[in-house]
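Student: I am new to this structure and would like to know how its descriptions are reached. Could we go through them together?

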Amino acid sequence: QQIARGEDLLKQGKLSEALRALSQAAEANPEDAKVNGLLGKVLIRWGQPSAAVAKLQRAVDLQSSNPEYQALLCLAYDWNNQYDKAIKACQRSSDLAPTYAPAYAYLAEVYADSAQADKALSTARKALELDTNSAEGRRGLAYALQTVGDFKTAEAEYRKAMDLQPADSFYRLSLVRLFRRMQRWDEAAAE
């Protein structure tokens, strides 16, 4: 029951409550891959990628055939500036499920963070070819566009991601970061 509650809270963007519920679930079920995976996802969004790596690696160890856990592990490694490990995790995810769009979206972010703009853009576009309604794909493309200075198109893509997942604060925070980078302080505060 705590797992379902934590998952619902995560979908609503209530990260502190989701973290609390999933931490309790993890204490009760430390060998549950789903609880470790969800907790890792919350920790990424909470800005704790090191802790997320530990939980996601545990989820992968428990259920190595799950492409979502591999893709989230990719994102956690990326946010830890461990680009080689991130690329390998995303490649494992896409090997498990070649049409799993988030793996390509997260890989695009890794490429953007490691100064490989062309790869970032093409990989983000691949994510959207696989799933045009992927909020992660929209965010991945927006992030890649942001890194090459195409702020106007990046903003439009972040807004599309927000439209696809309106309750999820992750996409709104991405837009706020873009506004800050552009020094559009009033718009950042309004979001």
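Tutor: Gladly! Let us start with a word we will need: contact means heavy atoms within 4.5 Å. Leaving out residues up to four places away in sequence, Thr123 touches Tyr104, Leu107, Ala108 and Tyr111. Please keep in mind that this is a predicted model.

Student: Where is Thr123 placed, and why is Thr123 called buried?

Tutor: Thr123 sits in helix α8, residues 117-130. Buried means under 20% relative accessible area. Thr123 has 10% relative accessibility, so Thr123 counts as buried.

Student: Why does Lys160 count as partly exposed?

Tutor: The class partly exposed lies between the limits of under 20% for buried and over 50% for exposed. Lys160 has 37% relative accessibility, so Lys160 counts as partly exposed. Lys160 belongs to helix α10, residues 151-164.

Student: What makes the phi of Asn81 worth a remark?

Tutor: Most residues other than glycine have a negative phi. Asn81 is a residue other than glycine, yet its phi is positive, near 60 degrees. Asn81 lies in the loop between α5 and α6 (83-96). With 54% relative accessibility set against the limit of over 50%, Asn81 counts as exposed.

Student: What is the phi of Gln183, and why is Gln183 called exposed?

Tutor: Gln183 is not a glycine either, and its phi is positive at about 60 degrees. Its place is the loop between α11 and α12 (185-190). Exposed means over 50%; Gln183 has 57% relative accessibility, so Gln183 counts as exposed.

Student: Let us turn to the whole chain. How many helices and strands does the protein chain have, and why is the protein chain called as compact as a globular protein of that length?

Tutor: The protein chain has 12 helices and zero strands. The globule rule gives 16 Å for 191 residues, and the radius of gyration of the protein chain is 16 Å, so the chain is as compact as a globular protein of that length. Along its principal axes, the C-alpha trace spans about 45 × 35 × 25 Å. Buried residues make up 50% of the 191 residues. Among contacts with a separation of 6 or more, 47% join residues 24 or more positions apart.

Student: What makes a set of residues a nonpolar core, and how many residues does the largest one have?

Tutor: The set must be made of buried nonpolar residues joined through side-chain atoms within 4.5 Å. The largest nonpolar core here has 62 residues, and those with the most contacts inside it are Ile44, Leu56, Leu73, Cys74 and Tyr106. Helix α5 gives the largest share of this core, eight residues. Leaving aside neighbours within four places in sequence, Leu73 is in contact with Val53, Leu56, Gln57, Val60, Ala89 and Arg92.

Student: What makes a space a cavity and not a pocket?

Tutor: In a cavity, a 1.4 Å probe fits but cannot get out, whereas a pocket is open. The count comes to one cavity of 30 Å³ or more. The largest cavity has a volume of about 40 Å³. Its lining consists of Lys41, Ile44, Arg45, Leu72, Leu75, Tyr106 and Phe170. Helix α3 gives the most to this lining, with three residues. By class, the lining has five nonpolar, no polar and two charged residues.

Student: What volume does the largest pocket have, and which residues are closest to its centre?

Tutor: The volume of the largest pocket is about 300 Å³. It is lined by 16 residues, of which Lys11, Lys41, Arg45, Glu68 and Glu136 are the closest to its centre. By class, eight residues of the lining are nonpolar, one is polar and seven are charged.

Student: And how much space lies in the second largest pocket?

Tutor: About 180 Å³. Among its lining residues are Asp78, Trp79, Tyr143 and Arg177. Helix α9 supplies the largest share of the lining, three residues. The lining divides into three nonpolar, two polar and five charged residues.

Conventions:
Residues numbered from 1 in each chain as written. Predicted model: local features only at pLDDT ≥ 70, side-chain atom pairs only at ≥ 80, totals over all residues. Heavy atoms only, no water. 1 Å grid on protein atoms, 1.4 Å probe; cavity = no way out; pocket = protein on both sides within 12 Å on 5 of 7 lines; lining within 4 Å. Points joined across faces, edges and corners; volume = space filled by probe spheres on them. Nonpolar A, V, L, I, M, F, W, Y, C, P; charged D, E, K, R; others polar. Helix = DSSP H or I, 4+ residues; strand = E, 2+ residues; numbered from the N terminus. Buried < 20%, exposed > 50% of the residue type's maximum accessible area, 1.4 Å probe, protein only. Rg over C-alpha atoms; globule rule 2.2 N^0.38 Å.
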